[in-house]
Structures are given as C-alpha cells and as structure tokens.
Amino acid sequence: MGDGGVRRLSKRLSDDLVARMGSGSVDSDGDMQIYRYGANGAFDPELYRAVQTEANRMKIDNQWVPEAHIKILADYLTGAGIKVARGICHGTRRGNEQLWFRSHLPGADVFGTEISDTATDFPHTIQWDFHDVDPDWIGCFDFVYSNSWDHAHDPERAFRGWIDCLAPGGALLLDHGWNYMPERVSAMDPFGISEDGLIAMLDRIGGGAVREVIEGGSHGRLPIRTIVFRKPAA
Ligand SMILES: C[S@@+](CC[C@H](N)C(=O)[O-])C[C@H]1O[C@@H](n2cnc3c(N)ncnc32)[C@H](O)[C@@H]1O
C-alpha cells in the first residue's frame, strides 16, 4: 500500500492517531524493512490495532488472492501426502480463503483469524491477533497459511507461533510477490522482505530447511510464489 492508501486511511482516523502514526519510524536491516508503531521504539498496541482495523474496514470489499491460488495450495497439500484434518489461515478479511480450502479439501476443518471487528461478519472466522497463539492450537494444524504476514509488527513472533501450531509433517505456506518487498512498507503494511530474506528468516526461526517454493498462479498478471516450510514428521 503506497502513500495514497495511507492518506485515505488518515482521513478515517482521529487527529491523535494520525499524529501517533506520524511518530512511527521505519527500520531497515539488509533486505528487510519494518515500520515501528510508536515513538522512540516503544510499541503502541492501540495504534497498531486501530490502523489495521480501519484499513480493513476501508478495503472490506476487496479480495487479494483468487480461488485458483487456494486450489493450487490445496492440491499441493494433497499431492504432498498431507491428510488435512485441520488448517488455519491468518489475516483473512472476507474469509474466502478458508471457504475455498474447505471446498478443495473436503472434510477439512479450516478457519481464519482477522484482527478487525468485522471478523465475525464472515463464516469460519474469529477476531484474533495472529501474533497470539491459543495454547490449544500447539501442534494441531496440518497447515497454516497466510498472505497477510506483511501486516505483522513482530514477524518473528508471529512465525514462531505459526510453526509451533503445526502438527508433525505439517506445512506453513506463506505467499510472496511484488507487494511484499521492503519498499512497499507503510503504517498499513508494516513488514517487507525479499523472498530470499523470508526464507532465511524461516530457516533461522524454524531450525529446519525450507522445503520448497511453489508457483502459486497469479494476482492479476503478477505471479504469486508460495514458500513452504515443512515441520519434520515425528
Ligand atoms: C492484505 S489483507 C488480505 C486479506 C485476505 N487474505 C485476502 O486475500 O483478500 C490483510 C488482512 O489481514 C488483517 N490483519 C492485519 N493484521 C492482523 C493481525 N495482527 N491479526 C489478524 N489479522 C490481521 C487485515 O485486517 C486485513 O483484513
């Protein structure tokens, strides 16, 4: 989301929140950039939630990935011999990805998380900050999917939690493409990193090899690639 999006968002936020958003800063580290919510390095959780919720409301009619992409991922899981009983999708706005996974993986229980209070308007969606892990989720999911990880204010914490939620042999599926690059970072999309940087980060956090990167079809005419991290089988 470029400056235009942040300008449109600013019109929907209180003067106080706009000022606080302006006090944030962008840190760069190699091929990664991260927008820090809050002044002087202190995280402002109210600002993060307000920005993400209002941006969600502003774009509530949008759908990022097409069903064809989710079908490619569902077919990949089936082809890899992963029998999906349970899956979770993080940052799902209208909840379409969980509906599409459910339709292409018959019998699978798939739900989504969404930080905005619009979450409960959509089936199989809970209002939840994806940085948090419900203890009941640990080791329970055959896949965890997200195309919204660029909205993380603390990506390492989010990814660690998502890997912890995988069952042995389960797969973490993270989309990558032009819109996840470091130069795209803003208060709305606070984290950007190259594909190689994301793979290195997952290797470091997960302590295992990223298994592969698959071609996931496209968003419009631009390709989506999906990084697949497999938890070792027990
Ligand atoms: C780019 S949209 C993608 C929506 C959907 N996955 C799609 O393909 O259309 C990112 C979504 O993630 C949500 N989000 C942002 N931060 C979140 C968080 N910490 N936890 C859960 N959802 C979050 C936003 O509210 C927004 O609806």
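Two strands are said to pair if DSSP finds at least two bridges between them. Helices (H or I, at least four residues) and strands (E, at least two) are themselves DSSP runs, numbered from the N terminus. With that in place, strands S3 and S4 pair in the parallel sense, over 5 bridges.

Before going further, a word on provenance. This is a predicted model, in which local features need pLDDT of at least 70 and side-chain atom pairs count only at pLDDT 80 or more, while totals for chains, interfaces and linings use all residues. Residues are numbered from 1 along each chain as its sequence is written.

Let me begin with the sheet. It is an open sheet of 7 strands with mixed pairing, in the order S5-S4-S3-S6-S7-S10-S9. S5 and strand S9 (210-219) are the edge strands, each pairing on one side only. From one strand to the next, the twist averages 20 degrees; here and below, axes are lines fitted to C-alpha atoms, for helices over the stretch in contact, and angles run from 0 to 180 degrees between N-to-C directions.

Strand S3, residues 86-90, also runs parallel to S6, to which 4 bridges join it. His90 stands opposite Ser146 in S6, and His90 also stands opposite Thr113 in S4. Of the 5 residues of S3, 4 are buried. A residue counts as buried if 20 or more other C-beta atoms, placed from the backbone, lie within 10 Å of its own, as exposed if 12 or fewer do, and as partly exposed in between.

Ser146 belongs to strand S6, residues 141-146. Why is Ser146 classed as buried? Because 24 other C-beta atoms lie within 10 Å. Leaving aside neighbours within four places in sequence, Ser146 is in contact (C-beta atoms, placed from the backbone, within 7 Å) with Cys89, His90, Gly91 and Leu174.

I turn to the helices. H2 (residues 15-22) and H3 have axes that come within 10 Å and cross at roughly 110 degrees. H2 is therefore roughly perpendicular to H3, on a scale where angles under 35 degrees are roughly parallel, over 145 roughly antiparallel, 65 to 115 roughly perpendicular and the rest oblique. Leu17, Arg20 and Met21 in H2 meet Leu47, Ala50 and Val51 in H3. By class, this contact has 5 nonpolar, no polar and 1 charged residues. The classes take Ala, Val, Leu, Ile, Met, Phe, Trp, Tyr, Cys and Pro as nonpolar, Asp, Glu, Lys and Arg as charged, and the others, Gly among them, as polar.

Next, the ligand. How many residues surround the ligand? There are 20, the closest being Asn56, Trp64, Gly91, Arg93 and His151; a residue is near a molecule if its C-beta atom, placed from the backbone, lies within 6 Å of it. Helix H3 (45-58) and strand S4 (109-114) are the elements that give two or more residues to this shell. Its make-up is 4 nonpolar, 12 polar and 4 charged residues.

Finally, two backbone details. Most residues other than glycine have a negative phi. Asn40, not a glycine, has a positive phi of about 55 degrees. Asn40 sits in the loop between strand S2 (32-36) and H3 and counts as exposed, with 7 C-beta neighbours inside 10 Å. His124 likewise has a positive phi, near 55 degrees. His124 lies in the loop between S4 and strand S5 (125-127), and is partly exposed, with 16 other C-beta atoms within 10 Å.

Technical notes
Contact = placed C-beta atoms within 7 Å.
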